[in-house]
Each structure stands twice: as C-alpha cells, then as structure tokens.
Amino acid sequence: MKKLLVTGGAGFIGANFVYHMLDTRPDVRLVCVDSLTYAGNMSTLARAMADSRFTFYRQDIRDRAGIDAIFDREKPDAVVNFAAESHVDRSIEDPALFLQTNVLGVQVMMDACRSHGNIRFHQVSTDEVYGDLPLDRPDMLFTESTPLHASSPYSASKAGADLLALAYHRTYALPVTVSRCSNNYGPYQFPEKLIPLMIANCLADKPLPVYGKGLNVRDWLYVEDHCKAIELILEKGRIGEVYNVGGHNEMRNIDIVKLICGELHKPESLITYVTDRKGHDLRYAIDPTKIRDELGWVPETAFADGIKSTVRWYLDNRPWWEEIVSGEYRDYYERMYANR
Ligand code: NAD
Ligand code: DAU
C-alpha cells in the first residue's frame, strides 16, 4: 500500500484532499502533518481520525528535527505540501510568518525528502504567483510560461517556494512537481475567505464588505476538482514540471456576493463597499491546456452547482464554522474590518 504524507491536511484544501483519497483510493495510506494554526481544525478531520488508513501528527513544517523524525518513522513514498499561510490580507498585516512557513517550511520538507531517499515531492502553489491580468483583456490568460510577478507578501512567498522547488529538482534531481491553481471554493473553507465570509455574514444579517468597487475578477474552481488534479499530477505528472489548474470560470467579486445574497434570500442592501485591499490584484485567469492535454484533467463541477452545494454545506454545518468565528477570528475580523 502506498503511503502519502500530506502537510496542511487540517486546512481547507488539504482536508478535502484527505477525504478525496480516503474515499476513492483504498490502496493509499495517509500521514497528515499539520501544526494546527488558526486555519487548521481537528473537527474537520474527525471522520479521517476514525479511519485506520489515516495517521495525524501535530507538527510544524519549519521544525527540521520534528519533520525528520516523522520521515524516519513513517517512510512515506510521496509528499504533498498544502501547509501554508494562505490569506493575502493577513500577509499584508504580517509578512514574516508567510516567509517562514511558505518558503523555509518548504525547504525543510524538501530537505527531508532528499535525505530520506529522494522522495517524490509535490508543491501546491497558486495562480497568484503570476501577478494579475488587466480587466479589459479577456484574451490574456496565465500559462505555465507567464513570468512570475507576485503582488502581495503571500504570493511572493509562494513564488519563492516554487522557484526553490524547481531549483531542488535541477540541482539535486529531487523528483518535484508544482501545481498552480486558481481560487477554490467548497466545504471546510475558513470564513476569512470571500465566499464563506459572505455566507456567514449574510446568515447573521451583517454587512457584506466588498473591497473597492467589487470589480476584481477571480477564476473559481470547486475544491474537489483541484484535489483530482493533484492526484493526477502525483501519478502521471512529468517530473520537474509546473501544471496550471483552473476551469475558465471568471467572475467579478460583486457578482459572487449578489449570487450568495440570492441563494440565501437576503437583501443586496447588506453589501457595503469598503476600502480596497493594498496592491489588490485585478484579475486572475488560468489557461489549463497543459494539464488537459497531458493528463486528461477537466473540471467536473459547474459553478452553478458547486456554489449551491457549498451554500447548502455551510447551512448544514453551522457548528463547524460558528465555533471558528467565535475564536481568534473575531479579533482578526475586528482589526481587518472595523473603520475600513
Ligand atoms: P488553509 O489556510 O485553509 O490551510 C492551511 C493549513 O496549513 C492549516 O491546516 C494550517 O494549520 C496548516 N499550516 C500552516 N502553517 C503550518 C506550519 N508551519 N506547519 C504545519 N502546518 C501548517 O489553506 P488552503 O486554502 O487550504 O490552501 C492550501 C494550499 O493551497 C496553500 O499552499 C495555498 O497557497 C494553496 N492554494 C490555495 C487556494 C485557495 O483558493 N484556497 C488556491 C490555490 C492554491
Ligand atoms: O487565486 C488563488 C488564491 O485565492 C489562493 O492562493 C489564496 O490562498 C486564496 O486565499 C485566494 O486568494 P484571494 O485573495 O483571491 O481570495 P480572497 O477570498 O481573500 O478574496 C477573493 C476576492 O474577494 C479578492 O478580490 C478580494 C475580495 N474580497 C475578499 C474579502 C475577504 C472582498 O471584496 N471582501 C472581503 O471581505
């Protein structure tokens, strides 16, 4: 049986990946490493914890000795690195942690892969490493050869990790792949991000804080489709390559927020325009031709269906996010949105 070490498995995409693999791949065992920052939740992993094919370690990826001990003990066949500080607004407040986890943590993980038999390593990256595209050029898309041009401390840290991963492949022949995905949505996303934040605020009849004029465009992909892309890259991806992942689903923020109001039968008068994010990227749009032609990946969930089931999930799982919005997040929300 293959053993996969997954970092960041208590977060949004990592947990969805854990469940995707446990539910569809009886031939795989999973070892999850997560330090449980504000974004990591054991309640998310409750069903996985009851599965004998799943093992959990509370462990920081920046801690070399701790990571080496887990590799010595578990001897994984491959590593997928989801662990990261992932929120752009928090990176604007405090860049240092982003550099430590998102760059130096990745170095620790790849060094462990090297010293334990040149283990296969997949880095989960983001389309944000390419910077942004103009709003008035719908013909322009990010391809894998678009130059890196990061805008925020978050995206700069992810770009640094991508370069480091590709350098470890070239210099040490570490078997590395990198995927750069567009915005994900779906179950278990932390309520600081646009879609769950708007759902939670709608349900509480609180203002819906739209940055600037709400005209910025994101390219939304259902999280399960991202998980399937990573599985395919792990199995069939060419070593040393980067794969863009996205489903040609560009939407303006304001349209997403209005759609959520509609789904929840809440008035659009809740929408409040607030001061824009510093350095706010205008538009992201992925060209997924390479992963489609080489690996046969295509997105399976239409946005109209995915957003309905996501709203339903937040309605059906109120205890999950209500617990979160009452903790550290409350202080963060106050800092980020009061007087904005
Ligand atoms: P998330 O913030 O929901 O989860 C991150 C997880 O990493 C949490 O469980 C947290 O506890 C863990 N973590 C953070 N620092 C750690 C450390 N030092 N050691 C061990 N664990 C640590 O993030 P997400 O949205 O699930 O994103 C996962 C990955 O996918 C990230 O690398 C992100 O850059 C990338 N990505 C996200 C999106 C998106 O739309 N959310 C899109 C493309 C790529
Ligand atoms: O593109 C992939 C990236 O998508 C990932 O790498 C990041 O980890 C992930 O957080 C996400 O980044 P964004 O900055 O695009 O996501 P966020 O949900 O923070 O914001 C989406 C858009 O909505 C963005 O244009 C800012 C806007 N926004 C966001 C929040 C939280 C608002 O207008 N109001 C808000 O309150």
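**Surface loops and buried cysteines in a predicted model**

Aspartate 205 sits in the loop that links α7 (194-203) to β8, where helices (H or I, at least four residues) and strands (E, at least two) are DSSP runs numbered from the N terminus. The model is a predicted one, in which local features need pLDDT of at least 70, side-chain atom pairs count only at pLDDT 80 or more, and totals for chains, interfaces and linings use all residues. Residues are numbered from 1 along each chain as its sequence is written, and side-chain values use heavy atoms, with hydrogens and water left out.

With a relative accessible area of 48%, aspartate 205 is partly exposed; here buried means under 20% relative accessible area, exposed over 50%, and partly exposed in between (1.4 Å probe, protein chains only). Beyond its neighbours within four places in sequence, aspartate 205 is in contact (heavy atoms within 4.5 Å) with Lys266 and Leu270. The side chains of aspartate 205 and lysine 266 also make a polar contact at 2.9 Å. Such a contact is a pair of N or O atoms within 3.5 Å; within protein, one must be able to donate a hydrogen and the other to accept it, and residues adjacent in sequence count only if both atoms are side-chain atoms. Threonine 310 is 105 residues from aspartate 205 in sequence, and the two C-alpha atoms are 19 Å apart in space.

Attention now turns to the interior. Histidine 226 belongs to helix α8 (residues 223-236) and is buried, its relative accessible area being 1%. Not counting residues up to four places away in sequence, histidine 226 touches Ile13, Val124, Ser179, Cys181, Asn184, Leu221 and Val245.

What of the cysteines? The structure holds zero disulfides, a disulfide being a pair of cysteine sulfur atoms within 2.5 Å. For cysteine 113, the closest cysteine sulfur is that of cysteine 32, and at 15 Å this is too far for a bond. Cysteine 227 is likewise in no disulfide, as the nearest cysteine sulfur, in cysteine 181, is 9.2 Å away. Cysteine 227 counts as buried at 0% relative accessibility, and cysteine 113 is buried with a relative accessible area of 0%.

Notes: Chains lettered and ligands numbered in written order.
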